[in-house]
Amino acid sequence: VQLQASGGGLVQAGGSLRLSCAASGRTARVSALGWYRQAPGKQRELVASITPRGTTDYGDFVKGRFTISRVNANNTVYLQMNSLKPEDAAAYYCNAHFRSLDYWGQGTQVTVSS
């Protein structure tokens with residue numbers, strides 16, 4: 001699976017950003033797609049994921065602020081992030097998971113100014 005992410009940037013606290021990730025490859029349509037993030041000095045953590053059938057999972061810190069969605073017709077996953085906080089600043093990585101395999105896109109930086 002190949003992953004092409006976009007949509008990061010700089011936003012003020014309380015603002016919104018939308019990340020997109022287009023997945024391609026033979027198993028893209030049957031893979032769970034999601035987003036992880038990693039801040040400097042911290043471990044990579046799950047932000048949100050969605051299965052081909054639409055089952056979602058979110059990191060505890062999301063608390064209703066983010067919404068993940070998926071368009072199966074073109075294997076694209078979106079992450080709508082609202083009420084952003086300075087602690088949400090990190091490199092965000094698109095992920096595809098199929099059976100025991102994980103694929104990663106290039107990180108897209110999210111910066112939140114206070």
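Is C21 buried or exposed? At 1% relative accessibility, C21 is buried, where buried means under 20% relative accessible area, exposed over 50% and partly exposed in between, with a 1.4 Å probe and protein chains only.

Before going on, keep in mind that this model is predicted: local features need pLDDT of at least 70, side-chain atom pairs count only at pLDDT 80 or more, and totals for chains, interfaces and linings use all residues. Residues are numbered from 1 along each chain as its sequence is written, and side-chain values use heavy atoms, leaving out hydrogens and water.

**The disulfide**

A disulfide is a covalent bond between the sulfur atoms of two cysteines. Here it is counted when a pair of cysteine sulfur atoms lies within 2.5 Å, and that rule gives one disulfide. C21 is joined to C94, with 2.0 Å from S to S. Because C21 lies in strand β3 and C94 in strand β9, the pair ties together parts that are 73 residues apart in sequence. Strands are DSSP runs of E with at least two residues, numbered from the N terminus. The torsion about the S-S bond of C21 and C94 is about -90 degrees, so this disulfide is left-handed.

| Cysteine | Relative accessibility | Class |
|---|---|---|
| C21 | 1% | buried |
| C94 | 0% | buried |

**The sheet**

Strand β3 also belongs to an open sheet of four strands, ordered β1-β3-β8-β7 with antiparallel pairing. Its edge strands, β1 (2–6) and β7 (66–71), each pair on one side only. Two strands pair if DSSP finds at least two bridges between them. Between β7 and β8 (residues 76–81) there are six bridges, and T67 has Q80 in β8 as its bridge partner.
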